[in-house]
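Here's a quick briefing on charged side chains and who they pair up with. Have a look at the structure first, then run through the points below.

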Amino acid sequence: MGKELVAMILAGGRGSRLKALTAKVAKPAVHFGGRYRIIDFPLSNCANSGIDTVGVLTQYESVELGSYVGSGTKWGLDGNSSAATVLPARERDEVGATWYAGTADAIAQNIEFLDAQDPEYVLILSGDHIYKMDYADMLNAHKEKGADLTVAVLNVSMEEASRFGIMNTNDDLSIYEFEEKPEHPKSTLASMGIYIFTYKQLRKYLKADEKKKDSHHDFGMDIIPAMLADGKKLYAYEFKGYWKDVGTVDSLWQANMDLLSDSDLDLYNIKKDWKIYSEDTLAKPQVIGPKASVKNSLVTQGCTVNGDVSGSVLFNNVSVGEGAKIVDSVLMPGVLVEEGAQVYKAIVDEGYTVKAGEVVNKEAKEVALLSNNTRD
Amino acid sequence: MAKVVGLINLHSDVDLKGLTERRPVASVSFLGRYGVIDFALSNFSNSGIDNVGILIKEKPRSLLKHMSNGNAWNFNSKRGGISLLYDEKYANNNMYNHDINNIIENIAFLEKAKPDYVVIAPAHIITTMDYSEVVAAHQKSGAQITMVYKKIKDADKKFIGADYLKVKDGVVTGIEPNKGNAKNRDISLETYVFNTDALLKTIKEAQNVSAFFNLKDILKYALDEKKIHAYQFKGFADIIDSFESYFRVSLDFLHLEVSTQVFKTNWPIYTNTNDTPPTKYLKDAVVTNSFVANGAIIDGTVDDCVIGRDVKIGKGAVVKNSIIFTGAEVKPGAVIENAVIDKDALVQKFKELKGTPEAPLYVKEGDKV
């Protein structure tokens with residue numbers, strides 16, 4: 001018997017606008033929110049939505065991401081009938097060694113993986129977004145409408161709409177037109193890059209797209225327009241809640257800061273039904289020292305705080321020395337801030353040391369990025 | 001290489017008042033993140049002993065949940081593993097429910113593993129001990145049995161009721177109860193290495209003398225006829241043998257010289273994960289000198305405390321010198337001093353909760369006060 005729904009997470013992006021943060025790892029493996037990596041969000045959403053088979057498509061710097069995903073144990077996806085499978089771009093029979101040329105091509109190159117699962121529906125996700133979402137509810141909408149493709153959309157402001165792929169819909173949410181980054185948007189329903197396809201249709205369109213020489217092999221640019229042109233049934237599914245694309249250093253910093261306010265993301269799971277699962281680092285509980293002060297901040301296990309921390313997010317095993325001051329900053333795992341150092345409005349990358357007495361970004365106009373890696 | 005299996009002996013654990021009303025000492029929360037048994041389990045794991053049996057005395061529910069498949073302690077390899085050994089027959093018969101009967105009832109565990117040596121350790125002594133070093137010393141001594149002891153310099157205050165050893169030339173010559181009448185004692189850490197044959201023989205002897213004899217009793221009784229090697233352990237060890245000592249040992253970890261002896265980079269303490277988010281400190285949080293687990297939300301004053309997972313401390317609440325267990329909530333303005341607040345309890349503003357360091361106040365699991 002085939003699976004009803006299989007999820008495919010596109011996790012190959014270079015994330016070059018994250019600069020040094022993605023010098024050594026793919027964007028989905030970038031740390032977020034004190035103890036997570038970005039990909040924990042789509043993977044936990046899958047687990048919480050009752051999806052038990054997930055393919056993770058990797059390309060850029062795939063080693064750390066691949067070993068992090070492993071067999072899906074961290075998200076409870078390692079049972080007898082469940083699995084997370086890492087699907088890197090690879091050498092294949094006949095075509096030889098190829099990279100994933102676009103989002104649609106990445107799925108097309110793994111069509112045999114999907115065929116083996118024999119799914120009725122396929123959920124396509126991006127590995128770069130921070131949000132909590134019940135995909136089962138989206139699938140119900142897809143089935144009720146009898147759709148060939150359902151696209152999750154977010155209602156954005158008119159100003160923002162020009163930055164997104166916009167779905168123009170009828171009253172019943174059926175899509176009649178798709179516009180990529182329109183100068184004069186007709187609607188504010190932005191595509192979140194989350195698609196549910198009826199697999200038969202997806203397979204057919206991917207096969208056809210493979211043969212088109214002038215195609216970008218992209219869902220937004222090629223597959224959706226082709227389906228619209230053929231009069232297929234495309235529907236929008238409106239998502240309400242916190243959603244953030246953390247594509248730049250600024251937006252990554254802002255998304256971390258969002259956790260300090262009462263955001264809709266509800267990491268604290270006050271509703272108790274939607275945990276975000278992640279790696280456990282075997283660290284001791286956090287220690288707040290006798291002279292420390294910690295306010296309006298997130299601090300994770302393994303941290304030792306002896307200085308002043310405010311408006312900041314501290315990941316695993318961060319150490320803040322006596323007299324040090326951390327303001328409005330994100331300290332990634334293993335960061336050491338020595339005695340008397342001061343850090344303002346910064347992202348400090350994994351394993352970086354801020355030397356004793358050093359003062360970083362006191363002006364605090366832009367977000368500063370400190371890293372042992374470099375990347376232009 | 002010699003084959004070694006471990007046994008964690010929960011039969012020697014003691015009553016910690018309300019804390020152990022519904023759970024064994026082994027699964028009592030420690031430092032907000034661990035179960036007491038995690039230290040013994042991690043010691044076996046870090047010592048390269050991956051086949052471990054747990055001799056369960058009673059109230060296993062919370063322990064079974066904590067242990068899951070042993071994955072967290074690396075015991076899930078296809079060789080070795082964790083075995084939960086329970087003596088159903090005597091579960092409700094206190095005099096018969098001892099470690100020797102448990103080993104006999106579950107003898108299949110040892111018969112299947114066929115170890116050369118068996119290391120037996122308690123859960124309620126918090127230590128980071130490399131058992132592979134103890135086994136090496138045992139092999140070198142030529143003795144059939146080794147007992148581990150530690151030189152305790154304040155035995156008039158700690159380890160009262162535990163046994164102390166008289167040691168001569170590395171051999172145990174006497175085993176006596178510590179009555180607290182001397183400062184310096186060589187205290188038994190209830191940790192033993194047996195040649196497997198010697199363990200089976202000792203068990204048989206015990207049954208021949210008295211059906212009520214446990215391991216401690218027979219070692220004491222038969223000492224004259226046995227050569228027992230004494231191994232001096234020089235690292236950190238402290239005992240949880242009463243509610244009051246649980247409180248003291250926990251808060252002692254707030255001293256750097258204690259916690260750095262236990263939390264070492266080459267000796268991880270494993271536990272199972274709960275996927276709780278980072279702790280959130282709100283605008284009015286004033287937290288000093290405390291251990292805090294993930295998932296807590298703090299907006300009050302916390303000083304010299306151990307704060308467990310998912311604990312909420314409301315605005316203006318003041319919590320001092322106390323241990324707050326997983327999921328407990330302290331409402332705004334409440335005052336707590338020298339207290340242990342058990343799981344999921346709710347502390348409101350009605351009355352100040354004040355104990356003393358010697359006699360801490362206790363609030364039961366799930367209670368509202």
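Let's start in chain B, where B:Lys315 and B:Asp284 pair their side chains in a salt bridge, 3.3 Å from N to O. That bridge ties together distant parts of the chain, 31 residues apart: B:Lys315 sits in the loop between β20 (312-313) and β21 (318-320), and B:Asp284 in the loop between β14 (279-281) and β15 (286-288). Keep in mind that this is a predicted model.

**More on chain B**
- B:Asp284 is partly exposed, at 37% relative accessibility.
- There's also a network: salt bridges with shared partners join B:Asp154, B:Lys158, B:Asp238, B:Arg248 and B:Asp252.

**Salt bridges of A:Lys27**
- Over all chains, the structure holds 32 salt bridges.
- One of them joins A:Lys27 to A:Asp128, at 3.2 Å from N to O; the two are 101 residues apart, with A:Asp128 in the loop between β8 and β9 and A:Lys27 in the loop between β1 and β2.
- A:Lys27 counts as buried because its relative accessibility is 6%, while A:Asp245 is partly exposed at 33%.

**A negative surface patch**
- A:Asp134, A:Asp137, A:Glu144 and A:Asp273 gather in a patch of negative charge on the surface.
- Within that group, A:Asp137 lies in helix α5 (residues 135-145) and is partly exposed, with a relative accessible area of 40%.

Notes: Residues numbered from 1 in each chain as written. Chains lettered and ligands numbered in written order. Predicted model: local features only at pLDDT ≥ 70, side-chain atom pairs only at ≥ 80, totals over all residues. Heavy atoms only, no water. Patch = residues over 30% accessible without salt bridge, like charges linked within 9 Å, V, L, I, M, F, W, Y side chains within 5 Å. Areas by Shrake-Rupley, 256 points an atom, 1.4 Å probe, with all protein chains shown as cover. Salt bridge = Lys/Arg side-chain N within 4 Å of Asp/Glu carboxyl O. Lys, Arg positive; Asp, Glu negative; His and termini not counted. Charge placed at Lys NZ, Arg CZ, Asp CG, Glu CD. Helix = DSSP H or I, 4+ residues; strand = E, 2+ residues; numbered from the N terminus. Buried < 20%, exposed > 50% of the residue type's maximum accessible area, 1.4 Å probe, protein only.
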